[in-house]
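Hi,

Here is the structure I said I would pass on. Have a look at it first, then read on for what turned up in it.

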Amino acid sequence: MTQCLDGPPRPAPGREVDIADLIRPAGRSRCPTLLAGLIVLFVLAWATVAAASPALPPVPTAQIGGVATELTAIDRALDTRVDDKDRQQLRARADAARATATAAATDLQAQFDLIAARIAQLGPVTPGSPETPEIVAERTDLSRQRAVLDSAIKRARLLAIEGQQLVEEIQQSQAKQFSARISSKVPSPVTPAFWTAVFHAFPRDARRAVNFVTTGVRQIEAGLRRDLPWQAILGLVGGYLVLMPGRQAARRLGRRLLIEEAPGQRIRRSANAIWRVLVGTLSPILAGVLVMQGLRWSELSPPGWADMLDVLVGAAGFTGFAISICGSVLMTSQPSWRIAPIADAAAIRLRPFPPLIGALCFVVMVVQGFNTAIGASDTAQTATAAFLTLLYLMLIGGALLTIGRLRAEQTTAMEAAAGDDAPAAAAPVRTGLGIVMLATWIALAAALLALLVGYVQFGLLVGQFIVWIVLLGSAVYLLMVAVDDIASTVFARDSGVGLALTHGFGLRGSTIDQFGVLLSGVLRILLAIVALGMLVSPFGAGDGVGTLFGRLGVLAQGVKVGGITISPGTILRGIIVLFVGLTLLRAFMGWLEHRYLPATDLDGNGRNSVSLIARYLGVALAVIWTLASLGIGVERIALLLSALSVGIGFGLQAITQNFVSGLILLAERPIKIGDLIRVGTDEGDVKRISVRSTEIELGDHSTLIVPNSELITKSVLNKTLGSPLGRIQILFSVPIGTDAPRVRRIVLDAFAAEEAVLADPAPNAFVDGIADGRIMFNCMAQVSSPRAAYGARSNVLLALLHALRQEGVEIGTVAQRLELISPPSAITPTGNNRDSGSQ
């Protein structure tokens with residue numbers, strides 16, 4: 001072996017070779033080739049191990065630790081007394097911490113799955129088969145990473161559960177406080193004890209109010225003496241310009257843009273109403289912000305008045321919202337832009353109530369904010385609550401009386417128009433409005449009774465709840481109409497978007513119309529869900545409607561029968577659920593029949609089939625929902641149906657057969673509404689098909705009700721199933737010496753003279769045969785409907801008789817042969833005495 005030039009000497013024989021000997025320099029001599037090779041091998045080995053053993057994914061330890069610290073702080077804060085504002089902040093913090101922990105657990109789970117997949121690729125360790133050091137190192141590192149990730153995932157999930165528990169605890173505390181507040185009882189306002197407590201607390205509350213106002217006024221006076229408050233002046237001027245001329249200019253600008261740019265009348269009206277609400281709500285808020293900010297910049301805003309000034313800005317915004325939302329529904333100044341189906345006279349009569357509602361809301365918010373700012377006593381807050389409750393009841397009662405008078409005047413006008421012979425025609429048109437008014441009167445009476453008894457907060461809550469329902473209902477109504485108008489107009493077959501979709505993607509016009517209707521329905525459902533969530537949220541009853549309804553069912557323990565708890569609360573809940581389910585079904589069927597199905601390509605019979613099936617499915621779902629609310633699960637329903645199967649098989653066999661036959665008729669549609677059919681000896685038009693029977697209108701305008709099983713199991717003649725055309729057939733005979741082509745021409749002329757006879761397919765006249773010295777004709781023509789065949793045939797016969805009589809053609813019926821056989825006594829020995837004749 002050749003030694004490296006200038007390299008280290010060979011070792012002596014018998015001496016082990018050390019790696020240091022190979023890389024140790026000998027004076028100035030070294031082997032650069034060998035050294036470089038060793039370095040390359042080391043780098044490759046390190047790269048191989050690094051590639052085989054991925055780095056430990058970063059575990060968000062600091063993030064998880066922060067979530068734990070946050071939840072601990074929230075838990076400790078709940079140990080102290082917190083008000084509603086602090087409770088809402090703590091709930092938001094707990095919810096955010098829970099979301100952070102859940103997101104961290106999800107991210108770590110993805111990394112954990114990757115590590116587990118790599119371990120699965122390595123496979124289990126085979127006994128007796130040694131692995132390379134690289135595989136062992138990789139398996140050890142992956143196992144360590146999986147253990148770290150598993151620990152972090154478990155901790156994050158535990159923190160998410162803890163956060164959810166804190167959120168639920170805060171919700172329960174809020175619900176308990178709300179229940180305690182509305183159920184608190186004080187001396188009745190009509191008793192001396194109530195006023196005695198008010199008089200005793202009045203001096204201290206008056207001093208608090210005077211000190212609050214005096215302190216603020218002094219600070220304002222001190223600020224005015226320092227310098228000219230030009231910022232406050234600019235704020236006042238800006239607030240006035242925004243609130244008065246700016247609001248009017250914005251309304252006019254929006255209306256002009258809608259007239260010039262909006263694609264249709266429906267969108268113009270809806271967008272104008274929404275724009276009025278936005279302008280009416282934002283302009284007071286912007287004006288209030290300008291005024292308050294000018295005062296703060298001028299240092300004229302007392303620090304003790306900060307919360308009260310914020311309350312004033314919020315009250316101004318809510319007042320603007322209340323006035324604008326009710327004004328947009330009534331639209332008394334612009335009746336042609338009104339969306340709601342309200343008569344002009346009714347809108348004018350109801351015009352004073354939007355400003356009154358807005359003023360009352362402003363007073364309520366300002367008074368409650370002032371009591372909180374000065375730290376008023378409980379007695380003072382109860383007295384102001386009683387006064388505000390009385391104002392609410394007076395306003396609501398006045399509105400109900402006005403609406404009642406309008407309905408009475410409408411009924412009187414309808415009775416006068418209908419006359420004495422038709423009193424039933426004067427019935428109120430809108431029954432739903434009467435039910436709502438009755439429920440409102442009952443709630444109003446309950447609030448007044450609660451006020452008189454001493455449940456002042458409950459009475460105030462009822463009054464505020466009624467007004468909030470009016471405002472929220474008006475807002476949801478406007479938004480639903482706007483959503484329907486926009487979706488139905490934009491996604492229409494003749495709109496710009498519809499034409500673009502038709503030409504670009506080849507979609508049919510009916511498909512675009514259906515999409516617009518479906519989009520409108522989905523968006524309106526989302527609006528309804530949001531409205532339900534906002535129904536009780538302003539009153540501190542918990543997080544939306546679910547929290548309140550979740551506690552309505554806890555009325556009594558009840559009695560358990562077969563594992564089912566029967567109690568007044570359960571029964572009431574079932575009735576409410578059934579009523580809600582049927583109401584939702586009715587609304588859905590109205591949308592399906594009047595909005596969606598007309599936008600499809602289905603004919604009237606197809607729409608009827610879809611409508612009937614959807615209705616029965618909806619009823620079945622409502623019943624199942626009701627049973628589920630009663631605690632009867634699906635397995636119990638299946639057990640009940642199996643128990644009833646014997647009764648259905650015997651006692652209800654005919655009803656079940658008719659029901660199944662009705663479903664077959666609706667699905668296969670061998671008979672449709674409007675068909676002319678014959679059942680036995682009865683013939684008439686199909687007027688209605690239900691799942692149990694079919695109604696047929698006979699020629700004398702009577703109605704024949706046929707069970708559906710009769711139409712499925714027996715023969716039925718449907719004259720309009722294959723074709724809607726009707727046929728006229730005329731049979732007659734003429735003497736054999738008559739000119740047959742001339743008779744045929746007379747028949748065709750008679751067919752052509754009748755307007756009901758169709759030119760396509762053309763009428764025909766055939767020589768059907770020759771018998772007994774006569775030519776027999778069989779003449780046929782088509783009419784538009786079997787119902788028109790009878791009258792058209794009569795007209796053709798009259799014209800044909802008149803024409804043949806003028807031509808001198810003898811006409812008769814189809815020849816019939818009659819044989820007369822003599823009795824046996826008349827037979828002579830010479831043969832049979834038989835006379836034959838024909839007629």
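The protein chain has 24 helices and 12 strands. Keep in mind as you read that this is a predicted model. Of its 839 residues, 34% count as buried. The chain exposes about 49700 Å², and 65% of that comes from carbon and sulfur atoms. If you take the contacts with a separation of 6 or more, 71% of them are between residues 24 or more positions apart.

Now for the helix pairs. Two packed helices are described by the angle between their axes and the distance between the axes. On the H5 side you will find Phe 178, Arg 181 and Ile 182, which meet Gln 457, Phe 458 and Leu 461 in H14. Sorted by type, the residues of this contact are four nonpolar, one polar and one charged.

Then look at helix H7 (residues 230–261) and helix H8 (residues 265–297). Their axes come within 8 Å and cross at roughly 170°. The contact of H7 with H8 is made up of 17 nonpolar, nine polar and five charged residues.

On to the inside of the protein. In soluble globular proteins, nonpolar side chains tend to be buried together. Which residues touch the most other members of the largest nonpolar core here? They are Ile 325, Ile 357, Tyr 392, Ile 396, Val 467, Leu 471 and Leu 478, in a core of 42 residues. At least two residues of this core come from each of H6 (192–226), H8, H9 (306–330), H10 (344–349), H11 (353–374), H12 (378–418), H13 (431–453) and H14. H12 gives the largest share, with 10 residues. To see one member up close, click on Ile 325: leaving aside its neighbours within four places in sequence, Ile 325 is in contact with Val 277, Leu 471, Ser 474, Ala 475 and Leu 478. There is also a second, separate core of 27 residues, and Val 67, Leu 71, Leu 90 and Ala 152 are among them.

A few spots in the backbone deserve a look too. Most residues other than glycine have a negative phi, and most peptide bonds are trans. With that in mind, check these:

- Asp 760 and Pro 761 are joined by a cis peptide bond, with omega about 0°. Pro 761 sits in the loop between helix H23 (740–753) and strand E9 (764–771).
- Met 331 is not a glycine, yet its phi is positive, at about 50°. You can find Met 331 in the loop between H9 and H10. Its relative accessible area is 0%, so Met 331 is buried.
- His 701 is not a glycine either, and has a positive phi of about 70°. This residue lies in the loop between strand E5 (693–698) and strand E6 (703–707). Is His 701 buried or exposed? His 701 counts as exposed, because its relative accessibility is 65% and the cut-off for exposed is over 50%.

Asp 513 is in helix H16 (residues 509–534). Its relative accessibility is 17%, so Asp 513 counts as buried. Leaving aside neighbours within four places in sequence, Asp 513 is in contact with Phe 491, Ala 492, Arg 493 and Ala 599. Gly 498 is 15 residues from Asp 513 in sequence, and the two are 8.4 Å apart in space, C-alpha to C-alpha.

Thr 402 belongs to helix H12. At 11% relative accessibility, Thr 402 counts as buried too. Arg 349, Leu 350 and Phe 353 are in contact with Thr 402, again leaving aside its neighbours within four places in sequence.

Phe 732 is part of strand E8 (residues 726–735). Phe 732 is buried, as its relative accessible area is 3%. Along the chain, Phe 732 and Asn 778 are 46 residues apart, while 7.0 Å separates their C-alpha atoms.

Cheers

Conventions:
Residues numbered from 1 in each chain as written. Predicted model: local features only at pLDDT ≥ 70, side-chain atom pairs only at ≥ 80, totals over all residues. Heavy atoms only, no water. Helix = DSSP H or I, 4+ residues; strand = E, 2+ residues; numbered from the N terminus. Buried < 20%, exposed > 50% of the residue type's maximum accessible area, 1.4 Å probe, protein only. Contact = heavy atoms within 4.5 Å. Areas by Shrake-Rupley, 256 points an atom, 1.4 Å probe, with all protein chains shown as cover. Nonpolar A, V, L, I, M, F, W, Y, C, P; charged D, E, K, R; others polar. Axes fitted to C-alpha atoms, helices over the stretch in contact; angles between N-to-C directions. Core = buried A, V, L, I, M, F, W, Y, C linked by side-chain atoms within 4.5 Å.
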